[in-house]
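Hi,

Here's the structure I said I'd pass on.

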Amino acid sequence: MTTTKKNMLPPGLVNNLQEVLLSRKGGNSGDDKNDEQRKSEAVGDSTEASTSASDENDDSKPVVLVTNGEGIDSLGLVYLVQALVGSGLFNVHVCAPQSDKSVSGHSVTVGETITVTPSEIEGATAYEVSGTTVDCVSLALSGALFSWSKPLLVISGINRGSSCGHHMFYSSVVAGAREALIFGVPSLSISLNWKREESQESDFKDAVAVCLPLLTAAIRDVERGVFPKSCFLNIEIPTSPSTNKGFKLTKQSMWRSAPNWLAVSANRHPSSAAHFMSNQQSLGLQLAQLSRDASAAGAARRITTQRQNVEVESVGAVKSDNKVKKYFRLEFMNKEQEDADEDLDVKALDNGFVAVTPISLCQQIESDIQSAASDWISGALKAAEQ
C-alpha cells in the first residue's frame, strides 16, 4: 500500500480513497487483481479494442471524429455526440481529454507517457486521454488508436466561451481543428459565447441544433470534394443560440480579454502541491480520476477545508533555500467591445450572428506590412555593414 508519508496526504484522506477504490472494485482482493489486469489490457491494447468496436459500425457511413478542450464529460461534447449519433448518418468516434484542458493552446505532450482509456458514450466509439486536445487529435489521426486511416471530418467542440480574436491562440478547441488541418483532414471548431449571468445548460442543446445543418453540409461537401482544403472553419455561436440572426462569414479580429495577474498567498500554494500533482502513481492521481465519485469529491472538499482552517496571513511570498518565491494566478477579465468592423468575428457574435471564420495555417501578411518589414530589414543590414 502506498504510504501516507510518500503521498503527503492526511491519513483520513488516504483511508477514504482506499475505501472508494475497494468499493468500485467490489472489495475483494482477488477481484482487484483481475480488475487491474482487465484495465491494463484495455489501455495497453487500445488499438485492438477500437478495431473490434469499429467492426460493429456500418462501413458505408462516413467516419466523424469529435474532440474538445474541456474534457470528455463536458456538456458541449456530450450533446454534440448525441446529435451526430442520433442522426444515424455517421460513424462517430470520440477522442477527447480526460480533464479540462481549456486555454492550453497548441500544446503537446512530448517525452511523457499518456494514458488512453475506453469511455462509455452510447452509439460512439470513445476514448479519454490524459493529454491535451492536440494530443488527442494527433493520436487519433496517427493510425495507432483507431482502425481507420482518416476520418472524413474532425469536429472540435462545443467549447464553453468565445474563441474569437486573439483567443484563438490560447484556445485548445481551435487548436484541435488546426491539428487536424495539419494532418490534411477537414475540420471545424465550435464555441458557444457562454455568459455566466445569462447562459444555461440547455443552450448547448440549442447550439448543437443551430450548427448541425452546417456540420451535415460540411460532411456532404467533403465527400463531394468541394469543401475548402486550405483552411478550417471556426464557428462562434452567440449567447442565445435559439434567437441567433443567422450565419455570417467573418474575419479574425484583434480582440482579447484583459489579462489580470493576481498575487496568491504562499499558504495557498504549499510545496506539497507540486509533488501531489506530479506523482502519477500516487493516490493523488486516483483522486483526480475519481473526481466524479461523491466520496472522493467529499474527501477533496474536506482536505480543502482543513487547509483553509489552518491558513495564516501571508504576503504572497515564501523563502526557500535563501530564495524568495512568489505565486501568481492569471485570470482574464471581460472588457467592453470597441467599435469594430461588422465583418469581424467578435462584432458579429456580439450582434447575435453565428460567426464563421476561415482560418489558414499560413497567415496572410498585408502588402503594406510586407513592404514595411522589407524596408526595415534592408536598413538594418546596411547599418550592420557600416
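First, a term: rings of Phe, Tyr and Trp (its six-membered ring) pair if their centres lie within 6.5 Å, with planes under 30 degrees apart counted as stacked, over 60 as edge-to-face and the rest as tilted. By that rule Tyr-127, Phe-146 and Trp-148 make up one aromatic cluster.

Keep in mind that this is a predicted model, where local features need pLDDT of at least 70, side-chain atom pairs count only at pLDDT 80 or more, and totals for chains, interfaces and linings use all residues. Residues are numbered from 1 along each chain as its sequence is written, and side-chain values use heavy atoms, with hydrogens and water left out. The chain's average pLDDT (the predictor's confidence in each residue, from 0 to 100) is 77, and 69% of the residues score at least 70.

There are three aromatic pairs in the structure. Tyr-127 and Phe-146 are edge-to-face, because their ring centres are 5.6 Å apart and their planes sit at 70°. Both are buried (under 20% relative accessible area; exposed is over 50%, partly exposed in between; 1.4 Å probe, protein chains only): Tyr-127 has 3% and Phe-146 has 1%.

Trp-194 and Phe-204 are stacked instead, since their centres are 5.4 Å apart and their planes at 20°. Phe-204 is buried at 1%, while Trp-194 is partly exposed at 21%.

Trp-194 also has Arg-160 over its face, 4.1 Å from the ring centre. Such a charge counts if NZ of Lys or CZ of Arg is within 6 Å of the ring centre and within 35 degrees of the ring normal. Likewise, Lys-248 has its charged end over the ring of Phe-353, 4.9 Å from the centre.

Cheers
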